[in-house]
Amino acid sequence: MLSTRSTRLAKSAVSRLLQKQSVRSMGTTKSFHLESKDNNETTFFDFTDENYERANRILQKYPDNYRQAAMIPLLDLAQRQNGGWLPLAAMDKVAQICNIAPVRVYEVASFYTMFNRTPVGKYFMQVCGTTPCMICGSEEIMKTIQDHLGIKNGQTSDCGYFTLLEVECLGACANAPMVQINDDYYECLSKETMIELLEAMKKDELPAVGKWGSLPMNGQVSCEGPLGKNSLFTIPKPPAIDPDRFKDGNVDPADVKKHMAY
């Protein structure tokens, strides 16, 4: 069993090792630990009782000898509890629960862009800048946000409400340009609708996206193109089917297609 002093020295060594790693820019995060008064080796973090119940349900999905498989959902749970970002203490807590070395958790948290290891605003806006969105106007969306809030890519507003980050494809190419705000997608954006969203966020009145997790901001609710429908202008009537066709209980195999309205 390691002494408290030995454990503290081991954590310090890991922290120094992380700081020596090369920088891999990922918007608001780096591949090494950034020491601050809110994120250091003495910062406290523990799951709430409610989240411990969630953590136990997550762990029950995996064999005891593969507890590390629960690492990503546990990190996500910790990040949500901590206001959208992961301090060192939260990663250490996940390592303790998974019974693995903390550096294994640091490796995962620093690799996946879904994890933020520095604080983000209440509304974390990720604007897709990949080709389909760029062609459809994502650069104007980025400029609109920057001009309206006075922040640049990778920055958080002074009020702490907004963090802006340009990211790669978020998989909503058919409804470009789009922005992910926290967990939800807002699609088919224009300069005007983006400003509407920003003003709504200032009032904490962001439109609900509904059960699909996305909301087209141009009123489009189907796969129609910008010119509307170009086929199926009317809904074809279903074929008439005789409700008494099986009343005698016998079906002639030669007449099956007719019975099935082919």
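Trainee: Which residues of helix 3 are buried?
Mentor: Buried means under 20% relative accessible area, exposed means over 50%, and partly exposed lies in between, with a 1.4 Å probe and protein chains only. Helices (H or I, at least four residues) and strands (E, at least two) are DSSP runs, numbered from the N terminus. In helix 3 the buried residues are Met71, Leu74, Leu75, Leu77, Ala78 and Gln79. This is a predicted model, in which local features need pLDDT of at least 70 and side-chain atom pairs count only at pLDDT 80 or more, while totals for chains, interfaces and linings use all residues. Residues are numbered from 1 along each chain as its sequence is written, and side-chain values use heavy atoms, with hydrogens and water left out.

Trainee: Which helices do the buried residues of helix 3 pack against?
Mentor: Contact means heavy atoms within 4.5 Å. The buried residues of helix 3 pack against helix 2, helix 4 and helix 5. Just after helix 3, Gly83 has a positive phi of about 80°.

Trainee: At what angle do helix 2 and helix 3 cross?
Mentor: Axes are lines fitted to C-alpha atoms, for helices over the stretch in contact, and angles run from 0 to 180 degrees between N-to-C directions. Angles under 35 degrees count as roughly parallel, over 145 as roughly antiparallel, 65 to 115 as roughly perpendicular, and the rest as oblique. Helix 2 and helix 3 cross at roughly 165°, and their axes come within 10 Å. These two helices, helix 2 and helix 3, are therefore roughly antiparallel to each other.

Trainee: Which residues make the contact of helix 2 and helix 3?
Mentor: Helix 2 contributes Asn51, Arg54, Ala55, Ile58 and Leu59, and helix 3 contributes Pro73, Leu74, Leu77 and Gln81. To sort such residues, Ala, Val, Leu, Ile, Met, Phe, Trp, Tyr, Cys and Pro count as nonpolar, Asp, Glu, Lys and Arg as charged, and the others, Gly among them, as polar.

Trainee: How many residues does the largest nonpolar core have?
Mentor: A nonpolar core is a set of buried Ala, Val, Leu, Ile, Met, Phe, Trp, Tyr and Cys residues joined through side-chain atoms within 4.5 Å. The largest one has 25 residues, and Leu74, Leu75, Leu86, Met91 and Val94 have the most contacts inside it. Helix 2 (49-59), helix 3 (71-81), helix 4 (88-98) and helix 5 (102-111) each supply at least two residues of this core. Helix 4 gives the most, with 8 residues. Apart from this core lies another, of 20 residues, including Met125, Val127, Leu189 and Leu198.

Trainee: Is helix 4 mostly covered or mostly uncovered?
Mentor: Helix 4 is mostly covered, with 10 of its 11 residues buried. Among its residues, Val94 touches Phe47, Met71, Leu74, Leu75 and Val105, when residues up to four places away in sequence are not counted. Just after helix 4, Asn99 takes a positive phi of about 60°.

Trainee: Where is Met125 placed, and what does Met125 touch?
Mentor: Met125 is in strand 1. Met125 counts as buried because its relative accessibility is 0%. Not counting residues up to four places away in sequence, Met125 touches residues including Ile145, Leu149, Phe162, Met194 and Leu198. Strand 1 (residues 123-128) also holds Gln126, and Gln126 counts as buried because its relative accessibility is 12%.

Trainee: How do helix 7 and helix 8 pack?
Mentor: Helix 7 (residues 138-149) and helix 8 (residues 191-202) pack at an angle of about 40°, with axes 10 Å apart. Helix 7 and helix 8 are therefore oblique to each other. Among the contact residues are Ile141 and Ile145 of helix 7, and Met194 and Leu198 of helix 8. By class, this contact of helix 7 with helix 8 has 6 nonpolar, 2 polar and 4 charged residues.

Trainee: How many helices and strands does the protein chain have?
Mentor: The protein chain has 9 helices and 5 strands. Of its 262 residues, 36% count as buried.
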